[in-house]
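Subject: Structure for you to look at

Hello,

Here is the structure I said I would pass on. Please open it alongside this message; my notes follow below.

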Amino acid sequence: MPYKLLIVDDSKLARMSAAKALNALYPDWSRIEAANADEALSLAKQTAFDVALLDFNMPGRDGLELAAELLALHPSTPLAVVSANHQQEIVGRARDIGAVFLMKPLNEQALSAFLQDAVRRLEQAKA
Amino acid sequence: MTAGSAELLGELQLDALTELVNIGVSRAASSLREMVGSQVHLSVPNVSLETRAGAIAILAEREISNLVAVHQVFEGDITGRALLIFPETKSLELVRAITGGDLPLEDIIELEQEALAETGNILLNSCLATIANMLQRSLKMSLPEVLRGNAATFFSLAPPPEAGDVVMFLYINFAVRERDISGYIAMIMDLPSLTALTHLLDDFIRRATGETTQSLNDSA
């Protein structure tokens, strides 16, 4: 069944690029977008979503802080933190929070693996 | 962002350039983390069109002490300079962090010049190679050169700009908090490069989104 993806990135281009990859993989999914953590949180309180892709380096709170706050609201949501900054502290913190770390620039293959796993988790939760 | 940069680069081109720099510097920070063994924190990038004096003022405003820079020229479809800049007082601490911290002070002082050049080389190459790959162009990098001075010294290097006094100035702040090391990665490009850059950015946007900048502007 189609799900809804939340894309958070301060770069409009990065959001468009993620949307392009999503359309190629799951054309029937819908998406909502935010440009920073504050916007994402207020959107998350108004609109339900199933999966989220969060940029790490954003003005204000970073993607890891946002991931923790989103998981506090919706504990079992599959989340990925996306960054070219693959320092072990950042990758490790993502894992500790319960998020997946994906490298930027985001490629379709890595996004596909994350979304397939997310779908499996969402279907399991429903069963 | 200044009003000028918005005129020369469209909103999405400027967004794309900032994202390219962000990805390039993030990769460089990951390399630096491996070298110093502690987490490297990054600011979000700042991209603006400045006069040379304006770029000098931006850096001088943030760093008043004597500075060290590792400097490399990049050449290709776009030409400019990339610099790793930090206060001179942090220079030995950076070398100490990279060499593992077991060496006596006299060895660290002896190694300083070479260690700074090599660190700059790895970081700036990592950053520029990532950007070049994403733009699908190759950039030729000069050998690293260690400079001492201030913002005016670094941004007024010979040869003088080919056209006008306006430059594209990009910078990002990095810090290794556990080691009290902080500095900047900066890039400076002359205006002739900017025309080439806008074409490269349009191609990059097309690849990333599957749409042309023109069609995106029309639908905006």
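**The nonpolar core**

The largest nonpolar core has 109 residues, and A:Leu54, A:Val81 and B:Ile185 have the most contacts inside it. A nonpolar core here is a set of buried Ala, Val, Leu, Ile, Met, Phe, Trp, Tyr and Cys residues joined through C-beta atoms within 7 Å. The element that gives the most to this core is α2(B), with eleven residues.

This is a predicted model: local features need pLDDT of at least 70, side-chain atom pairs count only at pLDDT 80 or more, and totals for chains, interfaces and linings use all residues. Residues are numbered from 1 along each chain as its sequence is written, while chains are lettered from A and ligands numbered from 1 in the order in which they are written. Helices (H or I, at least four residues) and strands (E, at least two) are DSSP runs, numbered from the N terminus.

Not counting residues up to four places away in sequence, A:Leu54 touches A:Val8, A:Gly63, A:Leu66, A:Ala67, A:Leu79, A:Ala80, A:Val81 and A:Val82. Contact means that the C-beta atoms of two residues, placed from the backbone, lie within 7 Å.

**Chain A**

Chain A has an open sheet of five parallel strands in the order β2-β1-β3-β4-β5. From one strand to the next the twist averages 20 degrees. Strands pair if DSSP finds at least two bridges between them; β1(A) (residues 4-8) and β2(A) have five. One of the residues in β1(A), A:Leu5, has A:Arg31 in β2(A) as its bridge partner. Helix α1(A) (residues 12-25) lies across β1, β2 and β3 (51-55) of chain A, at about 155 degrees to β1(A). Axes are lines fitted to C-alpha atoms, for helices over the stretch in contact, and angles run from 0 to 180 degrees between N-to-C directions.

A:Leu111 sits in helix α5 (residues 108-126) of chain A. A:Leu111 is buried, with 21 other C-beta atoms within 10 Å; buried means 20 or more such atoms, exposed 12 or fewer, and partly exposed in between, with C-beta atoms placed from the backbone. Leaving aside neighbours within four places in sequence, A:Leu111 is in contact with A:Ala21, A:Leu25, A:Leu102 and A:Leu106.

**Where the chains meet**

The contact between the chains takes 18 residues from chain A and 21 from chain B. On the chain B side, α2 (11-36) and α7 (191-209) each give two or more residues. The largest share, twelve residues, comes from α2(B).

**Chain B**

α2(B) also packs with helix α5(B) (residues 105-135), at an angle of about 145 degrees and with the axes 8 Å apart.

Strand β7(B) (residues 166-176) has nine of its eleven residues buried, so it is largely enclosed by the rest of the structure. β7(B) is antiparallel to β1(B) (residues 41-42), with two bridges, and to β2(B) (residues 46-51), with six. Ten bridges join β7(B) to the antiparallel strand β8(B) (residues 181-190), where B:Met187 stands opposite B:Leu170. β7(B) and β8(B) form a hairpin with four residues between them, and B:Asp180 in the turn has a positive phi of about 55 degrees.

Regards
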